[in-house]
Amino acid sequence: MSMDYQSPLRLRLDQQALLSNYRWLKERSGSAACGAAIKANGYGLGAEGVLKHLSDEGCRDFFVATWEEAQHVEPLMGEGLSLSVFHGVRPEDMEIALSSRARPVLNSPVQIARWKEANGGPCDVMIDTGMNRLGLSLDGLDMSLFDGLEIDTLMSHLVSAEDDHHLNDIQLMLFRDIAGKVKARRYSLANSAGICRGEDFAFDLTRPGIALYGGTPTLDAELNIQPVVTPQAEILQRRTVRGGESVGYGAEFIADRTMETATINIGYADGFARIFSGSGAALKDGARLPVIGRVSMDLVTIDVNECPQLQEGDWVDIDYDLGYTALVSGLSQYELLTRLGHRFERYWV
């Protein structure tokens with residue numbers, strides 16, 4: 001593909017919204033440092049751009065899921081930045097991990113033993129306080145496991161911080177207890193929703209993810225977090241559909257009148273799920289242009305009766321308000337962001 005190729009599909013990313021969200025989360029973190037989860041390609045936005053903008057804003061702590069992700073972003077990290085890998089170290093990861101600036105988040109006695117045997121340097125450790133996913137179980141925990149470890153950050157993960165769930169206070173109590181027994185440079189519990197639960201959950205370092213990118217895990221966040229992502233698609237073809245004709249696979253949509261339609265370059269292969277058939281919409285100049293017929297792999301048809309001036313080559317925004325779209329689709333806000341595929345050209349404004 002030539003260097004001047006322009007994709008017919010793009011993500012408009014709002015730098016000021018990202019920074020505003022970070023500043024709000026940082027303020028809510030109180031005296032704790034505020035980091036950023038940039039796993040899953042920066043929640044679909046592009047990890048490189050997110051890393052650059054947030055590090056320029058003063059963020060110093062970043063988190064990815066795997067060593068493949070770490071290798072991707074580590075060359076872009078300037079001095080003074082910290083990178084942690086949530087999934088720890090498998091045997092296959094050790095060569096990369098030992099030569100990397102990134103720290104593993106050790107999750108099990110086996111991983112701790114592996115790191116010690118290799119004379120690994122600073123690490124993070126995950127404690128399971130109720131998620132039953134990754135992390136050292138508190139039940140029968142052998143405190144000698146921590147002997148010889150240089151722990152930068154001892155952390156745990158909240159199960160249901162979005163809700164007033166009884167586990168929030170139980171996890172806070174359990175984490176406070178273990179933090180008093182295990183020596184580490186810093187302690188970290190709160191994700192985006194955890195930050196919204198107040199400074200008791202902040203400890204030394206918070207780890208927001210979804211709220212950075214426009215997700216709203218709590219009512220408080222809904223009132224303060226700004227949308228960052230707008231998918232945009234180019235019109236590939238305009239046509240007139242006559243009453244009685246069908247649109248799309250399965251002939252599920254039958255026009256009840258003569259309609260002006262446009263076929264746009266987006267589909268379920270790009271993360272615009274089939275569930276948006278008949279419920280999704282594009283936006284142009286204040287008009288809402290409904291999706292008609294089935295969403296297919298690469299194409300969607302929209303009703304453009306309200307904007308008959310639209311032509312081949314014009315662009316439309318995709319209605320992708322995360323809160324509303326999650327409600328309509330049944331997909332989580334996390335899914336809506338991370339499903340956005342590699343065919344989008346990502347650009348910051």
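**View 1. Ile 302 in its strand.** Ile 302 is part of strand S18, which covers residues 300–303; strands are DSSP runs of E with at least two residues, helices are runs of H or I with at least four, and both are numbered from the N terminus. This is a predicted model, in which local features need pLDDT of at least 70, side-chain atom pairs count only at pLDDT 80 or more, and totals for chains, interfaces and linings use all residues. Residues are numbered from 1 along each chain as its sequence is written, and side-chain values use heavy atoms, with hydrogens and water left out.

**View 2. Burial of Ile 302.** Ile 302 counts as buried because its relative accessibility is 0%. Buried means under 20% relative accessible area, exposed over 50%, and partly exposed in between, with a 1.4 Å probe and protein chains only. Across the protein, 51% of the 349 residues are buried.

**View 3. Surroundings of Ile 302.** Leaving aside residues up to four places away in sequence, Ile 302 touches Glu 260, Thr 261, Ala 262, Ile 264, Ala 282, Leu 289, Pro 290, Val 291, Ile 292 and Val 316 (contact: heavy atoms within 4.5 Å). The C-alpha atom of Thr 263 is 6.5 Å from that of Ile 302, although 39 residues separate the two along the chain. For the protein, 64% of the contacts between residues at least 6 apart in sequence join residues at least 24 apart.

**View 4. The protein as a whole.** The protein has 11 helices and 20 strands. Its C-alpha atoms fill a box of roughly 75 × 45 × 35 Å along the principal axes.
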